[in-house]
Amino acid sequence: MVDPEDAVTLPLPHPTKLRFVWHSRFYTAVLDQDMFGQWTVTRSWGSTRSGQGGGRMSVVASFEAGLTLLEAIRRRRERCGYKVDSSRK
């Protein structure tokens, strides 16, 4: 994230990537800024066996709105049986 006052790159204040696994399935959600400065949440999913999967990107209003969406994604994935995968970055 770039501070508009002094153009110094600052670290993001919270973890912005979630990765979930369930058997041979995976699901990731990443909060990031695109090249135009808009906050986006990029989701991808698939199978580690077949290599098939999909993805989608959503523009969110702010960093805080993105964190709210990541939290909703985390709750839903956990309800569906996925576990947070802390072994990968």
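## Starting from L31

Leaving aside neighbours within four places in sequence, L31 is in contact with T16, W39, T40, V41, V60, F63, G66, L67 and L70. Keep in mind that you're looking at a predicted model.

L31 also belongs to the largest nonpolar core, a set of twelve residues.

Now have a look at T40, which is found in strand β3. Is T40 buried or exposed? Its relative accessible area is 4%, so T40 is buried. Apart from neighbours within four places in sequence, T40 is in contact with V30, L31, D32, D34, M57, S58, V59 and V60.

One of those contacts, S58, sits in strand β4 (residues 53–60). S58 counts as buried too, because its relative accessibility is 13% and the cut-off for buried is under 20%. Beyond its sequence neighbours within four places, S58 is in contact with W39, T40, V41 and R43.

Side chains of opposite charge can pair when their charged atoms come close. How many salt bridges does the structure hold? There are four.

One of them pairs D85 with R19, with the closest N and O atoms 3.2 Å apart. This pair links distant parts of the chain: D85 is in the segment after β5 (83–84), while R19 is in strand β1, 66 residues apart. D85 counts as buried at 14% relative accessibility, and R19 is buried as well, at 13%.

Helix α1 has its own charged pairs. R75 and E71 meet in a salt bridge at 3.7 Å, N to O. Because R75 and E71 are four residues apart in helix α1, about one helical turn separates them. R74 and E78 form a salt bridge at 2.5 Å, N to O, and they too lie four residues apart in α1, about one turn of the helix.

What links E71, R74, R75 and E78? A network of salt bridges. These residues are partly exposed: R75 has a relative accessible area of 41%, E71 has 34%, R74 has 24% and E78 has 36%.

Terms used
Residues numbered from 1 in each chain as written. Predicted model: local features only at pLDDT ≥ 70, side-chain atom pairs only at ≥ 80, totals over all residues. Heavy atoms only, no water. Core = buried A, V, L, I, M, F, W, Y, C linked by side-chain atoms within 4.5 Å. Buried < 20%, exposed > 50% of the residue type's maximum accessible area, 1.4 Å probe, protein only. Contact = heavy atoms within 4.5 Å. Helix = DSSP H or I, 4+ residues; strand = E, 2+ residues; numbered from the N terminus. Salt bridge = Lys/Arg side-chain N within 4 Å of Asp/Glu carboxyl O.
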